[in-house]
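Subject: Handing over a structure

Hi,

Here is the structure I promised to pass on to you. Have a look at it first, and then read on for what turned up in it.

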Amino acid sequence: MYNVMIAGLMFILPIASIIAEMTTPGASLIILIGKWFVFWAVGLRLLTAGIKQLVQPGFTAKTIFEIEDPAAGKIVSELGISNLAMGVIGLLSLYFQNWVMPVAIYGVIFYGLAAVRHLGNKTRNATENVATISDAWVAIVLAVYLIGAVGFR
């Protein structure tokens, strides 16, 4: 289920949304990349991750980081609160379009550094490999958006 959700929120749904809106006259590909990757990959992805981390902190601790200590749940819950908050802001960026760029900056930093941290783990499991690839992908896409958006202005 985790892999399906990651594929949907970080690849399929943003790309499908961009393609669907490209038919709109005057649509800018770079603006649509920012809009839809921020909404799906930062907004809905972090919202769902935050909820999961608050409700089941052991999932993140055990399946991604392979930490069996129940005390790790306290840290994962704190991460869940942050993810939930940023996810809401990412979702609201669909309505407050001037939020897209700051949320994209957050996304590049968050996903980029998370990918680097995952890459540093030489004993990654399959779930962490999925997280590594999807985090790096979103960081790169959002960086491309930011570079393009600065030139677009």
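Predicted model: local features only at pLDDT ≥ 70, side-chain atom pairs only at ≥ 80, totals over all residues.

Let me begin with the start of the chain. Helix α1 covers residues 2-21 and helix α2 covers residues 29-55; their axes cross at roughly 155° and come within 9 Å. Since angles over 145 degrees count as roughly antiparallel, that makes α1 roughly antiparallel to α2. Their crossing is right-handed. On the α1 side, the residues in contact include Y2, M5, I6, L9 and M10, and on the α2 side they include L29, L32, I33, W36 and F37. The contact of α1 with α2 is made up of 17 nonpolar, two polar and three charged residues.

Next, follow α2 to α3 (57-64). The axes of α2 and α3 are 4 Å apart, and the two helices pack at an angle of about 100°. Angles of 65 to 115 degrees count as roughly perpendicular, and α2 and α3 are therefore roughly perpendicular to each other. Here K52, Q53, L54 and V55 of α2 meet P57, F59 and T60 of α3. Sorted by class, this contact of α2 with α3 holds four nonpolar, two polar and one charged residues.

α2 also packs against α5 (100-119). In this pair the angle is about 60° and the axes lie 10 Å apart, so α2 and α5 are oblique to each other. The crossing of α2 past α5 is left-handed. From α2 the contact takes G34, K35, V38, A41, V42, R45 and L46, while α5 brings V100, V103, A104, Y106, G107, F110 and Y111. Ten nonpolar, two polar and two charged residues make up the contact of α2 with α5.

Finally, the pocket. Which residues lie nearest the centre of the largest pocket? They are Y2, R45, A49, Q53 and I64, out of 25 residues that line this pocket. The volume of the largest pocket is about 530 Å³. Its lining draws at least two residues from each of α1, α2, α3, α4 (72-92), α5 and α6 (126-152). The most come from α2, which gives six residues to the lining. By class, the lining of the largest pocket has 15 nonpolar, six polar and four charged residues.

Best wishes

Notes
Residues numbered from 1 in each chain as written. Heavy atoms only, no water. Axes fitted to C-alpha atoms, helices over the stretch in contact; angles between N-to-C directions. Parallel < 35°, antiparallel > 145°, perpendicular 65-115°, else oblique. Left-handed = near helix turned anticlockwise from the far one by under 90°. Contact = heavy atoms within 4.5 Å. Nonpolar A, V, L, I, M, F, W, Y, C, P; charged D, E, K, R; others polar. 1 Å grid on protein atoms, 1.4 Å probe; cavity = no way out; pocket = protein on both sides within 12 Å on 5 of 7 lines; lining within 4 Å. Points joined across faces, edges and corners; volume = space filled by probe spheres on them.
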